[in-house]
Amino acid sequence: MKREEKLQILISTMNLKNDEEVKNLLNKMKVQSDYLVINQVKNKQEICIQNEKVISATQYGLSLSRNLAMENATSNLILLADDDLVYVDEYQEIIEEAYRKNSKADVICFWVKSRNPKRKVKKLPSGKIGYIKTMRICSFQISMRRDSVKEIKFDEKFGAGSVYNRGEESIFLCDCLRQGLKIKFVNQKIAEVEQKESTWYNGYSEEYFEKQGEIFKRMYPKFYKIIMLQFAIRKYPQYRKEVTFKKALEKLFLVD
């Protein structure tokens, strides 16, 4: 494999104060490849990190962190990461080999096992990812060739710490598909994730459906109404004790 195709992990985290905390994070995650850390902080003056692989930023938001990482990455082959991941020993070889075998793939997603039984990560069969399957992918499963996605950014209105606090990875993948990029899923485990608690999910509230409507419209601008309807029907057994079917549809369709 060419040198520029060696893997670099792009880690999004918050409030690291010194080099020792950076080292501890990398050890906890079992990072063995090249890396870049985006460290979002309240006050940059309090940070004492002398590491060229760490960028501290005072702006908040996960999508902003992803964009900053992608803009400053030094390798062409990159993998998105959160700070609660623990990688398998051979993750770098698995990912680089996947790109060798799928030379035309622009984006490859891998399986990450959740350690929280209440927040499982879906295990998909290996193969092509189309528009519908983008909803089954978490951002920390996504790797990509940076030169393929250089014109595509995460929408900073979506994702943790933003106006609409989720959906950023599905929107990003849909944008990739609209640009004609090829996305694959490789059913090999590269890591486990803690996922102790959700920063955005507090049940099927009316606010949940309002935000979900905005996400669907951004993902599927031509047929979002059909997606909204099937979502309301499919999820009804899960939310019926919290919100009526009529109210769920009403809140979803507020985007109009």
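Helix axes are lines fitted to C-alpha atoms over the stretch in contact, and angles between their N-to-C directions run from 0 to 180 degrees. The views below are taken from a predicted model.

**View 1. Helix α5 crossing helix α8.** The axes of α5 (residues 206-219) and α8 (residues 245-252) come within 7 Å and cross at roughly 45 degrees. On the α5 side the contact is made by E206, F209, E210, Q212, G213 and F216, and on the α8 side by K247, A248, K251 and L252. By residue class, this contact of α5 with α8 has 4 nonpolar, 2 polar and 4 charged residues.

**View 2. Helix α6 packed against helix α8.** Here the axes of α6 (residues 224-234) and α8 lie 10 Å apart, at an angle of about 150 degrees. Angles over 145 degrees count as roughly antiparallel, so α6 is roughly antiparallel to α8. The crossing of α6 and α8 is right-handed. M228, L229, F231, A232 and I233 of α6 meet F245, L249 and L252 of α8. The contact of α6 with α8 consists of 8 nonpolar residues, with no polar and no charged ones.

**View 3. The largest nonpolar core.** This core has 36 residues, and those with the most contacts inside it are I9, I11, L85, Y87, Y91, I95 and I190. At least two residues of the core come from each of the strands β1 (7-14), β2 (34-40), β4 (77-82), β5 (85-87), β6 (107-114) and β9 (183-193), and from each of the helices α1 (19-29) and α3 (91-101). Helix α3 gives the most, with 5 residues. A second, separate core has 28 residues, among them L10, L68, W111 and F185.

**View 4. Surroundings of I190.** Leaving aside residues up to four places away in sequence, I190 touches L79, Y87, V88, Y91, I94, I95, F110, W111 and V112. I190 is also one of the residues with the most contacts inside the largest nonpolar core.

**View 5. G203 in the loop between β9 and α5.** G203 lies in the loop that runs between strand β9 and helix α5. Its relative accessible area is 11%; residues under 20% count as buried, and G203 is therefore buried. Apart from residues up to four places away in sequence, G203 touches Y208 and E242. The C-alpha atoms of G203 and V243 are separated by 10.0 Å, although these residues are 40 residues apart along the chain.

Terms used
Residues are numbered from 1 along each chain as its sequence is written. This is a predicted model: local features need pLDDT of at least 70, side-chain atom pairs count only at pLDDT 80 or more; totals for chains, interfaces and linings use all residues. Side-chain values use heavy atoms; hydrogens and water are left out. Helices (H or I, at least four residues) and strands (E, at least two) are DSSP runs, numbered from the N terminus. Contact means heavy atoms within 4.5 Å. Ala, Val, Leu, Ile, Met, Phe, Trp, Tyr, Cys and Pro count as nonpolar, Asp, Glu, Lys and Arg as charged, and the others, Gly among them, as polar. A nonpolar core is a set of buried Ala, Val, Leu, Ile, Met, Phe, Trp, Tyr and Cys residues joined through side-chain atoms within 4.5 Å. Buried means under 20% relative accessible area, exposed over 50%, partly exposed in between (1.4 Å probe, protein chains only). Angles under 35 degrees count as roughly parallel, over 145 as roughly antiparallel, 65 to 115 as roughly perpendicular and the rest as oblique. A crossing is left-handed if the near helix is turned anticlockwise from the far one by less than a right angle, and right-handed if clockwise.
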